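Here are my notes for a colleague who is opening this entry without having seen it before. Please read them with the structure on screen.

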Amino acid sequence: MSTGITSQFTDRRRNNTRQRILESASALFAERGYTATSIADIEAAALLTPGSGGLYRHFQSKEALLLAVVSGYKERLSLVRATLALDIAETPERELQQIVTALGIFLSGEGAVIRIGAEFSQLPDAPRKIIGAAWDEAHGIFADLFRRHGFSPPEAAALGISALGSLAHFFEHIRNFGRQPLDVEMGRYLEEWSNTWTAKLANAQNAI
């Protein structure tokens with residue numbers, strides 16, 4: 001086997017191992033918590049020999065591994081934001097629906113990182129800052145929408161926080177308590193939420 005082919009094979013195997021470690025760590029951090037998960041646990045789940053130090057060939061520490069997990073989440077969310085900014089629907093109502101649909105699809109595949117973030121106060125500072133930056137990206141998706149419809153950057157930022165905050169609270173209540181706030185049916189809530197923010201956007205357009 002030539003040196004070039006050998007190098008490509010080694011790089012691919014290293015990347016595959018690194019990805020296995022990331023996926024295993026994400027699942028374990030979500031299931032057991034960051035503090036309760038050991039390096040040996042992650043190595044075993046990633047099909048490395050527990051205690052062999054194989055993880056350290058790819059990550060300097062458990063914190064560096066967590067940082068990579070949450071950084072990947074933030075980068076994926078940034079991509080969603082950039083894509084939505086380029087794919088603008090024909091009406092404010094459709095834009096809101098597009099945003100909610102895109103976020104729903106995105107979050108449906110991010111359950112592990114969401115559960116990791118739920119123990120935010122127990123995490124090291126650097127990963128916490130990245131999770132905060134990810135929230136800024138999510139707020140920014142809505143702020144971008146309000147900016148496109150004539151609101152100043154400060155107004156758009158405040159409205160973006162409000163729009164996402166009310167939506168996030170509804171689903172956080174379901175996650176924490178197993179039911180909708182005041183037992184409001186989800187479809188009804190989403191309709192009222194959409195009507196509220198569509199009206200806000202329409203009023204801004206009429207004022208221009």
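1. Overall size. The radius of gyration used here is taken over C-alpha atoms, and the globule rule it is set against is 2.2 Å times the number of residues to the power 0.38. For 208 residues, a compact globule would come out near 17 Å, but the protein chain has 21 Å. Along the principal axes, the C-alpha atoms fill a box of roughly 65 × 45 × 30 Å. Keep in mind that this is a predicted model.

2. Make-up. The protein chain holds eight helices and zero strands.

3. Of the 208 residues in the protein chain, 38% are buried. Now take the contacts with a separation of 6 or more: residues 24 or more positions apart account for 63% of them.

4. How do α3 and α6 lie relative to each other? Helix α3 covers residues 62-86 and helix α6 covers residues 125-148. Their axes come within 8 Å and cross at roughly 5 degrees. Angles under 35 degrees count as roughly parallel, so α3 is roughly parallel to α6. In general, two packed helices are described by the angle between their axes and the distance between the axes.

5. What lines that contact. Sorted by class, the contact of α3 with α6 has 16 nonpolar residues, along with three polar and eight charged ones.

6. Is D144 buried or exposed? Its relative accessible area is 12%, and the cut-off for buried is under 20%, so D144 is buried.

7. A network. Together with E137 and R147, they are linked in a network of salt bridges.

8. The side chains of D125 and R128 meet in a salt bridge of 3.7 Å, N to O. Both residues lie in helix α6, three residues apart, about one turn of the helix. D125 is exposed, because its relative accessible area is 54%. R128 has 28% and is partly exposed.

9. Which helix holds both E172 and R175? They lie in helix α7, residues 153-177, and are three residues apart, about one turn of the helix. E172 counts as partly exposed at 35% relative accessibility. R175 counts as partly exposed too, at 44%.

10. A residue to look at. S166 also has its place in helix α7. With a relative accessible area of 28%, S166 is partly exposed. Which residues does S166 touch, leaving out those up to four places away in sequence? They are Y189, W193 and W197. M186 is 20 residues from S166 along the chain, and the C-alpha atoms of the two are separated by 13 Å.

Terms used: Residues are numbered from 1 along each chain as its sequence is written. This is a predicted model: local features need pLDDT of at least 70, side-chain atom pairs count only at pLDDT 80 or more; totals for chains, interfaces and linings use all residues. Side-chain values use heavy atoms; hydrogens and water are left out. Axes are lines fitted to C-alpha atoms, for helices over the stretch in contact, and angles run from 0 to 180 degrees between N-to-C directions. Helices (H or I, at least four residues) and strands (E, at least two) are DSSP runs, numbered from the N terminus. Angles under 35 degrees count as roughly parallel, over 145 as roughly antiparallel, 65 to 115 as roughly perpendicular and the rest as oblique. Ala, Val, Leu, Ile, Met, Phe, Trp, Tyr, Cys and Pro count as nonpolar, Asp, Glu, Lys and Arg as charged, and the others, Gly among them, as polar. Buried means under 20% relative accessible area, exposed over 50%, partly exposed in between (1.4 Å probe, protein chains only). A salt bridge is a side-chain nitrogen of Lys or Arg within 4 Å of a carboxyl oxygen of Asp or Glu. Contact means heavy atoms within 4.5 Å.
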